[in-house]
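Here is a friendly walk through one structure, with an eye on how its chains meet. Please have the sequence and the model open as you read.

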Protein chains: 4
Amino acid sequence: MQSPQPPRESAPPALTERFQRIRATSEAICAPLQIEDYVIQSMPDASPPKWHLAHVSWFFETFVLQPFLRGYRVMDEAYDHLFNSYYETHGQPFPRASRGLLSRPGVAEVYRYRQHVDTAMGELLAQPPEEHGAEIVRRVELGLQHEQQHQELLLMDILHILAQNPLRPAYRTDLRPGPAQLPDEPHWRDHSGGLHQIGHHGEGFAFDCETPRHRQFLESFRLASRPVSCADYLAFMGDGGYARPELWLADGWNLIRQAGWRAPLYWQRTDGRWLEMTLGGLRPLDLQAPVCHISFYEADAYARWAGARLPSEAEWEIAARSQPIAGNLLESDHLHPVASPQAAPISQLYGDVWEWTASAYRPYPGFKPLPGSLGEYNGKFMCGQMVLRGGCCVTPRAHIRATYRNFFYPAMRWQFAGLRLAKEA
Amino acid sequence: MQSPQPPRESAPPALTERFQRIRATSEAICAPLQIEDYVIQSMPDASPPKWHLAHVSWFFETFVLQPFLRGYRVMDEAYDHLFNSYYETHGQPFPRASRGLLSRPGVAEVYRYRQHVDTAMGELLAQPPEEHGAEIVRRVELGLQHEQQHQELLLMDILHILAQNPLRPAYRTDLRPGPAQLPDEPHWRDHSGGLHQIGHHGEGFAFDCETPRHRQFLESFRLASRPVSCADYLAFMGDGGYARPELWLADGWNLIRQAGWRAPLYWQRTDGRWLEMTLGGLRPLDLQAPVCHISFYEADAYARWAGARLPSEAEWEIAARSQPIAGNLLESDHLHPVASPQAAPISQLYGDVWEWTASAYRPYPGFKPLPGSLGEYNGKFMCGQMVLRGGCCVTPRAHIRATYRNFFYPAMRWQFAGLRLAKEA
Amino acid sequence: MQSPQPPRESAPPALTERFQRIRATSEAICAPLQIEDYVIQSMPDASPPKWHLAHVSWFFETFVLQPFLRGYRVMDEAYDHLFNSYYETHGQPFPRASRGLLSRPGVAEVYRYRQHVDTAMGELLAQPPEEHGAEIVRRVELGLQHEQQHQELLLMDILHILAQNPLRPAYRTDLRPGPAQLPDEPHWRDHSGGLHQIGHHGEGFAFDCETPRHRQFLESFRLASRPVSCADYLAFMGDGGYARPELWLADGWNLIRQAGWRAPLYWQRTDGRWLEMTLGGLRPLDLQAPVCHISFYEADAYARWAGARLPSEAEWEIAARSQPIAGNLLESDHLHPVASPQAAPISQLYGDVWEWTASAYRPYPGFKPLPGSLGEYNGKFMCGQMVLRGGCCVTPRAHIRATYRNFFYPAMRWQFAGLRLAKEA
Amino acid sequence: MQSPQPPRESAPPALTERFQRIRATSEAICAPLQIEDYVIQSMPDASPPKWHLAHVSWFFETFVLQPFLRGYRVMDEAYDHLFNSYYETHGQPFPRASRGLLSRPGVAEVYRYRQHVDTAMGELLAQPPEEHGAEIVRRVELGLQHEQQHQELLLMDILHILAQNPLRPAYRTDLRPGPAQLPDEPHWRDHSGGLHQIGHHGEGFAFDCETPRHRQFLESFRLASRPVSCADYLAFMGDGGYARPELWLADGWNLIRQAGWRAPLYWQRTDGRWLEMTLGGLRPLDLQAPVCHISFYEADAYARWAGARLPSEAEWEIAARSQPIAGNLLESDHLHPVASPQAAPISQLYGDVWEWTASAYRPYPGFKPLPGSLGEYNGKFMCGQMVLRGGCCVTPRAHIRATYRNFFYPAMRWQFAGLRLAKEA
């Protein structure tokens, strides 16, 4: 007589709970939207909110449910085409710039799709097939980190959608206000050079691009105690910052002349005052808050004007890894950079604004992408983009860490990006 | 003691009733839509359905209510910018190609806007100010004809939106089917030349561009008894029609090579059969129905291939004005061209498909546009476009007449356009 | 014994002589150029001068020598590709916009090619094969008219090339100056309406597009006694002509805003004076000369501003055909419009500037293009363009006639184009 | 009585002699051109040969003669606009993409301009003002290195011009043929990691971007003994290299699909054979020669396909600095990559092809650009481009060194660029 099978163990309860919580957060982010808001693609780099909601579900379906849940039935076969973002080795992604042409599936249908996936995920996580348990946990973790990235993208894209509209509608009118704050002169903080270990190691999730941990030699350097503020940036603008070619990279100079840029994205001058379009609607500029929604070119030009430079990503990581991961992040519910509540030796490394670094987004020495189609997640974007560090006011707290490498093309500025100055010691 | 004022007369009851009926038709056309469908602008030439609904209301507000209804209050001042289509002398129209970037005002708000305008219009029509009565009637009539044009545009744009979607969703699944029909060889019908009167005169509404009635000398000519059918057009395609430069105007030849056109818009070949995307969804091609959704260039090339030519708009008008205004129009509820139910000396001049003519859309001799901003309605488009005649399967019955001049650029094909052959007598 | 063959007759000596003279004129036009000038294609619509010289020779080679001169050997087989302008039924034309990428064959080689063709043409014209004599004469005549068109294009393109250059080099510094001229108010000249015959008939060369002669009914009309002058046009500009949307066709208004047009092409304001780039270099504007280098949109807007309109091509033809063909044409050697030397009932119909008409370039009723590839000469361009009449200051005298239909897209203005006003009688 | 002034010393005779020699080389490079060839700009990234000849003279005029030769008179004031390449802080550069619109100044005039500058330079170098002697020597050296860069650009651009032409004209037919060569399997050569000094120091010219010398930690690595050959690359192509998305960076994959790239630039398949357009005309592909005219994307995809990677620029520099600077360079007069004449531990690091590295072109730690407008020389391009190392078959021998950093955008391939594989040790 055969001994009974031990019951298959379910995934760690923590994971199931995190799965539900993170999935719920995406829907909570969309709760203030009207159905019409879900449909708009305001530029090729952005996506309609309902596309985000469906795509992150497709990710679980494709990389977790299809391979590991026996008998899983997709809700609609066409979704594999519609909601594949860029996995060329998996199938034919629907053309990115045309995501805003799709009225169907509608919002209700997309929520049903989420429910369909969530139900199946619940089933899988309750009884994961033993032989794939570890891989399933790894992929679910990746899927959750992926969904958190899209939570940030959702808020970036929602702001971009609403900012196109002359009505300047607010996403929410109940955002938490920033602290009152007196002007604060930044100071320099010294860091010693030498041979440093950079990149992720050990426990805890990290994207493939944060590995392997490797040695890098750095000269001593200094980092500003806080990010550049709107007041600082106005001084640059007032000093002809946008009209002096010697401050600019050639590509940046050509861009600002062609596009007519004269201020950060979302700033507008009305009746002699600077206003800023935010997720809370159109507001007077908060002078003490970190400047936000600037391109790499603008960050770089500002630094040159200030007689400084941008930090490398290694410099930033060394400075940040001794700091607690706290700050104005998604959970702070400002959804906009705010001034630091107090002077500190160094502040705001995490949250408020992603900080442009001087580093091109390239593979670390010995980098190996994930196997299979998931290898397209990061590695194939390692050209032409710059690294940003530290998370911002719409980044989930649990999603950021000192080794996290975000990346955008140097001309992009709809992400919440600012800068912190560095210089030689 | 003053004698009582005679009660101000209301506008003719017929007008009020027509106003309500035509306004209701626009909303009925949109009834099958999901909210998401209302938001999409699938190409710069098209507009989101909710924009159409608002714009036609703005037209009444701007040209009737604002000048003539004392104390009228607009619902939102920003709408004058958002819903001005192209009246440059009235204000700053919101950029046409960006209409799809506006999620707000939402659909419900747009319907409230319609209600707001309708209520005020009811008030005005009940007691029009005596001294402006005739002008009000003229403008309301223009506004209604304008709204009927947008009813057709709505259906064109809805089809274009749904056709972008790989899901090929149907706008309605309960459309009236076309009649069964045996193949029917077209024959030639002779018309005698001479000095003819062309254009609108007398009672009844006409756009300014249909006037003045004027004399035009025509040689004798022949007109085909029916439009070119899909079966006819397949013969052209099978004979290498899209690959023979001698059949094409130079601009057309360049266009089809660059765009890769090989068939009418909305046709697709799947598993060896020709299918067509329609407002009723994806269907097998109806071979006996008039070919539809072709550009002027394709119509012209077909005619050359057939050893014939397109009729001039004057020739078409002469042939059509003796015919009753009847056919497959909006009220037929096919919403797609269908084969003619019976052979006739000449058939389908009205309805089914707009017929491309050989005539450039230019002013008639002595043409005077309407005064003021309404003069921008037609006159400023009289360059680079070709005239089409006869209405189509989505044209309201009360909107079409023998003198009606529709116009599109020669490359456009999302309108329901086909052709009828002509030749010298 | 066989009777001797009668000697084959050569083509009429007049034709041989004209052939040589017209071919020599093309080369005389290019004589002032530097070799570098021959190479430039300053925009896709223009062609390098050496391409013109080769293309017109290719025309004779392709349509006369290859079919009719027994044993003719082409100089280089690749030229059939390189110098085919747009005859899609003959072969693969080299892409038009890339003509300026070809440094080879060089200028000397192109002249050798001309010589090669001229020698063969001399041989053919000395002893044309009897059975093809008439066809050869027809085709040579067409080839000569074609070369004359390119003489005008050469001068248009040379001006455009030199005008791109900040050095503002003159093509020639010895051009004949215009006459001194007192301001002259134009007056209206009446023409009676009725049924008119329009188009070419009888002896003498005409392009296929000028035929067939046909009847057209016209209302009575009035034509201005002279073209609009630069002084007139400055008044339009001074009255806000380029800033008033009510004066413009929609396409024109969009164009001038996008392109930033504020004056005719080649005008520049320097130190408070208007200067004009001409074939004679940069010169002060001649206020009494006809305004030149304007688009159809500008001509149309000017006419609307002036309370008038453009004449139809039939109106123009009726007025012009009673006038002697004389004026400021190529042989006058001004190579720029000049003021009329004296007041006259009607002046400058021929020469000075091509006059934009209100007529779209469409086929005349019963139009038949030439057979074969030569049918591509005119017919395939009959869409989207407007007719201009009367020749200009760079048109060969022998090339123009009352029935001549020139055509350009409404946005083009590098041709010597101006306007004359018309109105209802 | 005053003692006589010691005669001012002239610049080192070596410099004067080098000046003359390098200036003469530029003209020798152009000697085989026809005048027409000098005029063409075949794409916005390229420049007409006569523009290069003038621009390098303008460089001496602007940065040496104007500041240091008392009484220097420019030949033409307009040249400061026309021949300024990109020095925004110096004046208004003529738009780069329009350099091919300038027929004047012509070739003869450009040579006169060169003579004018050379005469003045001779005068200055014979008696340099004492107080500026060292700066003059520095700037003349920079000007000569600059002219050598343009010698390479001249040959790149000449090839690109001639390759546009279906006649496939050869620049020269007397180029030195490459050596016969047996196939040679590459092997790996180990290099040990550790803390290395990278960048220029000490005597000898270097561009600012090669400094400062700084420490960089490297892991041990292996470098291939020779560059990838055409035979190697054909194997990649044969294995579906251009059709497998997993091999490509995302930007590269999009580019090759959009542009239709399926082989290196200048390769064409004719009658079943691969041919290559070269400065010696169209030739059969040399299978043993290094593959050339590929983009960074293609180099990167090849490396991934080969299970290897591109070397970093530091790795390349460490390997190269122990090697003699010799190889197939400009003076070899092949003007095309050729197979290495013999097996060697490592070969062809210098010459043949620029080798794409894995390194983005960014400033070295502590980088300081030159003062003034000359600071625009390199620094402002440090974004979006990749570093290439080692010179190529059209690089002057005296111009290359181990620390030399060349840079191009990843999509560019008209430079003579190939690759060498690297991998972890």
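This is a predicted model: local features need pLDDT of at least 70, side-chain atom pairs count only at pLDDT 80 or more; totals for chains, interfaces and linings use all residues.

Residues are numbered from 1 along each chain as its sequence is written, chains are lettered from A and ligands numbered from 1 in the order in which they are written, and side-chain values use heavy atoms, with hydrogens and water left out.

**The annotated domain**

An unreviewed UniProt entry gives chain A the feature "domain: Sulfatase-modifying factor enzyme-like" at residues 192–333 and 346–423. UniProt positions follow the numbering used here, feature names are shortened, and annotations may be inferred rather than shown by experiment. Residues 192–333 of chain A are 26% helix and 20% strand, with end C-alpha atoms 36 Å apart. Residues 346–423 of chain A are 0% helix and 23% strand, and there the end C-alpha atoms lie 15 Å apart. Helices (H or I, at least four residues) and strands (E, at least two) are DSSP runs, numbered from the N terminus.

**The two interfaces side by side**

The table sets out the area buried in each pairing, that is, the accessible area (1.4 Å probe) that two parts lose on being put together, summed over both.

| Pair | Buried area | Share on carbon and sulfur atoms |
|---|---|---|
| Chain B and chain A | about 2400 Å² | 63% |
| Chain B and chain C | about 2500 Å² | 59% |

**Chain B against chain A**

The contact (heavy atoms within 4.5 Å) takes 30 residues from chain B and 30 residues from chain A.

Two salt bridges link chain B and chain A, each being a side-chain nitrogen of Lys or Arg within 4 Å of a carboxyl oxygen of Asp or Glu. R104(B) forms a salt bridge with D37(A), the closest N and O atoms being 2.7 Å apart. On the side of chain B that touches chain A, α3 (79–82), α4 (107–126) and α5 (133–163) each supply at least two residues.

**Chain B against chain C**

Chain B is superposed on chain C by a rotation of 180° with 0.0 Å of shift along its axis (RMSD 0.0 Å). The two copies are thus related as by a two-fold rotation axis. Both use the same surface, since 100% of the contact residues of chain B recur in chain C.

This contact takes 29 residues from chain B and 29 residues from chain C. In chain B, F217(B), R362(B) and C383(B) lose the most area to chain C, together 22% of what that side buries. Four salt bridges cross the interface of chain B and chain C. In one of the pairs, R215(B) meets E219(C) at 3.3 Å, N to O. Elements of chain B that each supply at least two residues to the side touching chain C are β3 (214–218), α7 (250–259), α8 (296–305) and β8 (354–360), and α7(B) gives the most, with four residues.

Definitions and conventions: Copies are superposed by least squares on the C-alpha atoms of residues with pLDDT of at least 70 in both.
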